[in-house]
Amino acid sequence: MKNSVFTATVTAVALLASMASAQTDITVAIQLEPPNLDPTGGAAQAIDSVLYSNVFEGLTRFEGDGAVVPGLAKSWDISNDGTVYTFNLNSGVLFHDGTSMDAEDVKFSLDRARSEESTNAQKGLFSGITDVAVMNSTTVKVTLDQPNGSFLFNMAWGDAVIVAPESIDDIASNPIGTGAFAFSDWVQGDRLELVRNDSYWGTAAVLESATFRFISDPTAAFAAVMAEDVDVFVGFPAPENLPQFEADGRFQVLVGNTEGETILSTNNKMPPFDNLLVRKAVAHAIDRQAIIDGAMFGYGTPIGTHFAPHNPDYVDLIGNSSYDPAKAKALLVEAGFPEGFSTTLKLPPPSYARRGGEIIASQLRQVGITAEISNLEWSQWIEEVFKAKDFGLSIVSHTEPMDIGIYANPEYYFQYDNAVFQALMIELEATTDPAGRSALLAEAQTIISEDYVNGYLFELAVATVAKADVRGLWVNQPTAAVDLTVVSWAD
Amino acid sequence: MIFTYRNRHNIIDKAVLNICSSQETTIHIWCCFYRLNACAIGPVRFFKVIRYTLGRLLSLIISLVIASLVIFSVIEIIPGDPASFMLGINAREDTLAALRSEMGLDQPLVVRYFDWVIGLLQGDFGNSWTYKTPVSELISDRIWVSLPLAIYALILSTLIAFPAGILAASRRGGASDVTIMGATQMGVAIPNFWFAMIMVLIFAIHLRWFSAGGFPGWSNPLQGIKSLTLPAISLALPQAAILARIMRSSLLDMLSEDFIRTARAKGLTRGQALWRHAVRNALIPVLTIIGLQFSFLLAGGIIIEQIFFLPGLGRLIFQAISARDLIVVESVVMLLVFTVIIVNFAVDIAYAAVDPRLRIKA
Amino acid sequence: MKPGLIIGSFLSIIFIGLAFFSFIWIPYDIEALEISNKLKNPNLNHWLGTDHFGRDILSMIMMGARTSIAVALLAVGIGVVIGVPLGLFSAARRGSFIDEVIMRGNDLIFAFPSLVIAILITAVFGPSAVNAIVAIGIFNIPVFARLTRAAALPLWERDFILSARVCGKSEVRISIEHILPNITNLMIVQGTIQFSLGILAEASLSYIGLGAQPPTASWGRMLADAQTLVSIAPHVALVPGLAILLMVLGLNLMGDGLRDLFDPRIKGDRT
């Protein structure tokens, strides 16, 4: 009798003790698994999702609201002509293997990224750099060939993080960075583990460890969250389940925006899409709201041009492509297609594309356009649509921030060739004053809207489902990242 | 009569027509095909067995070579450039070229085939292009999920099927027979991914007895087994249904054989005749099927691994095909085929040792 | 007639009937999406409810029946058209080298994990109903070849065949005129079984996205689409699954019943 009372008391005390201290580990699930752990050597967003700001840091970095703030560089000076950036680095910064981070490492990283043999997916970010010079251990001077208004913005990207020559050989499997977390283990196909870096140069993270799980299947994602197998799911792939989580007191749902413009890509050089009237007809045949409701269950913001609506420079041009099937049919007759025509609609794996594609195909059928659907894997999509440009229509979300510049590249897969627009982009790159940039961006957005280059559908939303006690998660995704440095559990 | 491969075929085919019942024909044909018919008695037998074993070994090697050729050529036809897929939409041409030469894609096909085969023989499965680690590491990580899952499913299906089949056969025509046969008909007809879906809904989401999937590793063996339970049940159910039916029909055939009539004439009760003679003999084809089911289970777990997001070989194949990671696909498919061929070979050899009835030639 | 055969035939005929009827009339056009009408429970307008795109589920089931039956039937067709002649040829040339080669080829196909090959085929040639037919059909060939050979072999020893040989008939004529009619029953039974396996295989392939593509309806794809909705609108997941289950069950029962009907040798229990 006495024994059981004793045991009960001990158990109760233990329980109370464990409840008193907040949890210090977290399990975060994301859809895609990184193929390797080198953010500077490949394009997979998943690498950044896991490592950006947690393990690796750059000269500057993105905050949750999209602002570009100092990272490893605590301050910088820009020369009057805008071509020389002098970065002052934080001192006493150590890599996770104990070696120090200094200007030599910055030079190494930038030179490596812009070299001939570089496999950096965003080599263009570094192409304007003509020289990187080490002034002293905490000062680096970067010279550009011309002023670039987005240089600091570019240096915040995950492809521009600072790496060390001592650990570069194994970076793909053993990433050594300067961040608040250090890489601990990776069981491929299952999970990746991080531990807190106790010699971090800045404010230490609250969490002691973090585990990333990779769950691509929407059903499995739902099951994992419901069964409380994971604490957080960033980029939850099944928007239809969000109301259920919102109604359940165990969870919180954060819906934010991304830089992902979801568009109906149109091959501007393939007849009949080389005819502006046909493209305009397609634009009026589409009912954006039906696509948002049917494919994304209401999550997503309509867009009228290739620009993020939450960005202050956004211009609302939705009126140019309002839902008007009668007008669409009239335009087709005018273009010489009274009976309509057939084309291909090639869709990559994400559900916004697959579901959105079925809805669009049905809407196009109503005006006489027969779109034959092909569901492709990413590598096939890249082969057929992106490289061979063998497609009529496709749906994809362009997630790089401020990427309206892709419309200035006539070789880009939708093959839009407008000299006026190209000149505009060159001018934009050289402009650094904000008012000037706003005006130029507004003009750019108007041009591509009135040329009906692509069907502009909606800005992708991102949903994060987490247990109710988790604090500090990013709501928006200004870049692909799951920043755990300020995440904690409420007591 | 001197043993030859051809004679074996003839006897087997006679067996096929007698034993095979409806649905299991496919499995039966395969299993019966591998029943041995070693012959000759006495001192000559030893040499016959050696000659037989060498013959089977030769055909094993030929099968493997042909399989490797077929796999290599099929997979090389897959369109899709791994380099573009890995570097993404905005990658530039020079970086793509650099990656392609790093991966050896610019070498002629024949050279790549022989490099691959020689590597396989040495245990070097190449390096995965997407994960940048040796394929053998990827396989050895994942086989510790797929293999236990297959064994677990095999045990479950056997535990369910044996009693069910024996019960149904011994009470032929009775209520339990009809019920069990009805249940097996359902078990065979149900799509296993749908069954998995329903089980996750009930046991993982509503009751929370099991997790919805994932694999926490073997550091805690009980947790590991628990996470494999729902997947193993999904895999095991259709196999159990088939196995139960085979057990029942095999047993029924045994029960109609003359030696049973003799046993009864000798005074054994029905139950004794059943257990002492019928079941032991009926076990022989059943054991063969279990050996072959194992290969099915190993390969057939692909969908199940997707549903329960288990980091196993099946899901690896899926992901590798999407990523156009040819080395991984080639090596893993080769491994699966190799396993199946080896298991068949082992079953053949063991069969000759185990089954005395087939050793004596009339 | 045994109850199994009756129930099985009944179930099979319902679905086959639905499939044929769909050519004449279906309640709603499945290509007209009505997002505002999505996920309605079964009601008077939509007897089985609507799916996440507002499509009528009963219409989807009818169109899906068309797809499943077409794919499975053609796959069996491939197996029969290629496998049966192979088996007959092998039996006619029993014991020869070519017989060996054919049988070894069969074994090799059996050794390959079929789902992986199906995935490979659709990865090479793109996902579509036609490629699903080829992928499933390939694995039907060794089944029919094996069965035909096994059934034909003993017939070659029979007297009436020997007398045909004596009359000077060629192997081909003997195979077609004498052997084939005697093994037809076995082929029908096996064909029914392979047909039901084909339905399951088509559902599995569509489920992972490798079968018929939208807007063609397919039961397997309906299940895949319905997975995340199962807690919101269960009927969307239950109905296609039940359809697959009942159709396969019906065909299996019919196959078993036919086998019992054709084969008068019922093994007695001698205990």
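Predicted model: local features only at pLDDT ≥ 70, side-chain atom pairs only at ≥ 80, totals over all residues.
**Exercise 1. A strand of chain A**

Which residues point one way from β16(A), and which point the other way?

*Solution.* 

Step 1. Strand β16 of chain A covers residues 393–398. Leu393(A), Ile395(A) and Ser397(A) point one way, whereas Ser394(A), Val396(A) and His398(A) point the other way. In a regular strand, side chains alternate between the two faces of the sheet.

Step 2. Six of the six residues of β16(A) are buried, and the strand is mostly covered.

Step 3. The partners are identified next. Strand β12 of chain A, residues 251–266, is joined to β16(A) by six bridges and runs antiparallel to it. Strand β14 of chain A, residues 341–347, is joined to β16(A) by two bridges, and this pair runs parallel.

Step 4. Leu393(A) can be located against both partners. Thr266(A) stands opposite Leu393(A), and Leu345(A) also stands opposite Leu393(A).

**Exercise 2. A helix of chain C**

Explain why helix α8 of chain C is described as largely enclosed by the rest of the structure, and state what covers its buried residues.

*Solution.* 

Step 1. Helix α8(C) comprises residues 219–226, eight in number. The cut-off for a buried residue is a relative accessible area under 20%.

Step 2. The residues of α8(C) that are buried are Trp219(C), Gly220(C), Arg221(C), Met222(C), Leu223(C) and Ala226(C).

Step 3. Because six of the eight residues are buried, α8(C) is largely enclosed by the rest of the structure.

Step 4. The cover includes α9 (192–206) of chain B. From chain C it includes α1 (3–21), α2 (57–92), α7 (171–207) and α9 (235–262).

**Exercise 3. Chains B and C in outline**

*Solution.* 

Step 1. For contacts with a separation of 6 or more, residues 24 or more positions apart account for 72% in chain C and for 73% in chain B.

Step 2. Chain C has an accessible surface of about 10800 Å², 70% of it belonging to carbon and sulfur atoms. For chain B the accessible surface is about 14900 Å², with 69% belonging to carbon and sulfur atoms.

**Exercise 4. The nonpolar cores**

How many residues has the largest nonpolar core, and which residues have the most contacts inside it?

*Solution.* 

Step 1. The largest nonpolar core has 217 residues.

Step 2. The residues with the most contacts inside this core are Ile26(A), Leu192(A), Phe212(A), Ile215(A), Phe236(A), Phe245(A) and Trp219(C). Another core, of 67 residues, lies apart from it and includes Ile404(A), Tyr416(A), Leu424(A) and Ile35(C).

Step 3. Leu192(A) may be taken as an example. Not counting residues up to four places away in sequence, Leu192(A) touches several residues, among them Leu37(A), Val50(A), Phe183(A), Trp186(A) and Phe212(A).

**Exercise 5. Backbone geometry**

*Solution.* 

Step 1. A cis peptide bond joins Pro271(A) and Pro272(A), with omega about 0 degrees. Pro272(A) is in the loop between β12 and α7 (276–285) of chain A.

Step 2. The bond from Pro214(C) to Pro215(C) is also cis, with omega near 0 degrees. Pro215(C) is in the loop between α7 and α8 of chain C.

Step 3. Met402(A) has a positive phi near 50 degrees and is found in the loop between β16 and α12 (419–430) of chain A. With a relative accessible area of 36%, Met402(A) is partly exposed.

Step 4. Tyr452(A) is not a glycine, yet its phi is positive, about 50 degrees. Its place is the loop between α13 (434–450) and β17 (455–467) of chain A. Tyr452(A) counts as buried, at 9% relative accessibility.

Methods:
Residues numbered from 1 in each chain as written. Chains lettered and ligands numbered in written order. Heavy atoms only, no water. Buried < 20%, exposed > 50% of the residue type's maximum accessible area, 1.4 Å probe, protein only. Helix = DSSP H or I, 4+ residues; strand = E, 2+ residues; numbered from the N terminus. Contact = heavy atoms within 4.5 Å. Areas by Shrake-Rupley, 256 points an atom, 1.4 Å probe, with all protein chains shown as cover. Pairing = 2+ DSSP bridges. Core = buried A, V, L, I, M, F, W, Y, C linked by side-chain atoms within 4.5 Å.
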